[in-house]
Amino acid sequence: MTPHDTSPSTPTPPPSPTGSHPHLHRGLKLLGTLFITLSAISPASSVFIIAPGVIGQAGSGAFTAFLVAGVVGIFMAFVYAELGSAYPLSGGEYAIVARTFGRLPGFVVLGLFMVTQLLIIAVIALGVGTYLAVIFPGLHAPTVAAVTTVVATVLAVFDIKLNAWVTGVFLAIEMLALVVVSALGFLNPERSLADLVLHPVAAGQDGTVVAASAGVIGAATAVALFAYNGYGAAVYLGEETQDAHRGIAKTVLWALGITVAAELIPVTAVLMGAPSLPGLFGADNMMEYFITARAGTTLNNVLSLAVALAIFNAVLAIILVTARMIFSTGRDTTWPSPVSRALASIHPRFGSPWIATIGAGLIGAGFCYADERFLLVVTATTIIAIYAALCVATLTGRRNGSTSHAAYRMPWFPVAPVLALLAIGYVAYRNLLDPEVGRPSLLITVGIGIVFAAYYLLVLRRRGAWELRGAADD
């Protein structure tokens with residue numbers, strides 16, 4: 001039986017070099033891959049856009065939520081590093097799960113990730129208008145987001161090395177902004193770190209504060225996980241990274257460590273340095289409240305511009321990653337032949353998957369006009385399902401030998417995937433108790449999985465033509 005005839009329950013062997021299908025140019029060094037990966041995470045965007053949601057939910061308990069999410073992130077980084085070392089492919093999570101756990105679960109992961117990534121482009125881009133409006137009031141946020149996405153898409157078509165340097169420059173700007181925010185809080189603390197840990201409070205009624213319960217903090221951890229998410233983006237650049245089997249694992253681990261520090265430190269500084277916790281919790285824009293109270297309007301305007309640039313950088317990096325996943329689906333003959341051939345096209349000059357890039361960008365720009373609550377509900381829990389699939393893939397890969405060729409092996413196996421699964425299960429349970437966002441999001445996640453499972457069983461499996469292709473490390 002050839003690898004192309006592999007059943008859904010049988011792992012596919014490691015990819016081998018071949019010139020029979022499109023492949024990307026291996027021109028990135030580890031630093032360039034790290035720049036793009038960190039830009040996809042965008043710590044500044046997480047602190048300014050996502051962290052206020054965690055604070056609004058868990059109050060000063062957000063410190064604990066981010067800390068716990070960081071621990072879960074370490075477990076998941078070990079998982080990503082080992083799997084990415086074995087399969088550094090542009091298909092990312094779906095290509096890994098399909099080769100270790102089976103094609104059907106791999107295709108379900110493809111569906112979850114593709115839908116999520118296309119929507120996340122819009123979720124992130126919408127933040128540009130929010131922060132530019134501080135300087136230019138009256139901007140139409142969806143239009144600003146759509147224009148941002150289109151400009152980023154044009155840039156993403158160019159050579160990946162150029163994009164690595166562009167993202168590196170913008171990344172330096174957003175890291176500087178986070179250093180400034182951290183200094184504002186730690187130089188003027190209003191409460192101690194012990195207060196955040198031992199006596200967490202959340203917003204109550206009529207501007208009061210109440211004790212933040214463990215359940216509330218646990219539910220907020222799911223959002224904090226989302227804030228750290230993105231270190232797995234390194235895997236999607238595996239076919240363009242030199243010495244990928246070793247380099248991708250290093251990139252994942254470095255990206256997670258830098259991200260946790262770059263987000264947890266300023267979030268802690270804001271919680272310790274806010275003049276009033278009720279004032280912080282009740283502010284329409286928490287970061288604007290904090291910065292203006294501590295340093296005035298001018299610095300807030302400067303930092304708002306820096307955050308807008310960081311968000312643009314994140315949109316660019318996410319489009320780069322999403323385009324490579326979509327390119328991989330075309331190379332794997334996932335769709336009707338004309339569509340698959342188009343998506344697998346490589347630009348003759350820039351070496352980029354240009355049609356997949358344009359497609360990802362245009363769809364993302366279109367979603368910028370969708371209802372923000374719809375975007376939040378659809379994307380809220382898919383990452384939990386993908387994390388769970390990767391944990392199972394790690395355990396399965398060790399058992400059936402499909403990851404035995406990995407250059408990186410996580411320490412203390414199977415501690416990381418097992419503890420990550422337990423944490424994921426708890427977060428999913430807390431989301432199930434949330435009737436406004438968590439429960440609908442879980443149902444939509446299940447629905448997406450069913451739709452893509454049906455497509456695999458009724459179309460791909462029946463025609464026997466879902467290839468699993470990839471370029472081995474040169």
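The model is predicted, so local features need pLDDT of at least 70 and side-chain atom pairs count only at pLDDT 80 or more, while totals for chains, interfaces and linings use all residues. Residues are numbered from 1 along each chain as its sequence is written, and side-chain values use heavy atoms, with hydrogens and water left out.

**Cavities**
- Two cavities of 30 Å³ or more are found in a search of the whole structure; a cavity is a set of points on a 1 Å grid over the protein atoms alone where a 1.4 Å probe fits but cannot get out, and its lining residues have an atom within 4 Å of a point.
- A volume is the space filled by probe spheres set on the points, which are joined across faces, edges and corners.
- The largest cavity holds about 270 Å³, and Ala40, Gln117, Asn229, Gly230 and Ile318 are the closest to its centre of the 23 residues that line it.
- The second largest cavity holds about 40 Å³, and its lining includes Phe113, Gln117 and Asn229.

**Nonpolar core**
- Met76 and Tyr231 touch the most other members of the largest nonpolar core, which has 159 residues.
- Such a core is a set of buried Ala, Val, Leu, Ile, Met, Phe, Trp, Tyr and Cys residues joined through side-chain atoms within 4.5 Å, where buried means under 20% relative accessible area, exposed over 50% and partly exposed in between (1.4 Å probe, protein chains only).

**Met175**
- Met175 is partly exposed, at a relative accessible area of 21%.
- The C-alpha atoms of Met175 and Val109 are separated by 32 Å.

Note on methods. 1 Å grid on protein atoms, 1.4 Å probe; cavity = no way out; pocket = protein on both sides within 12 Å on 5 of 7 lines; lining within 4 Å.
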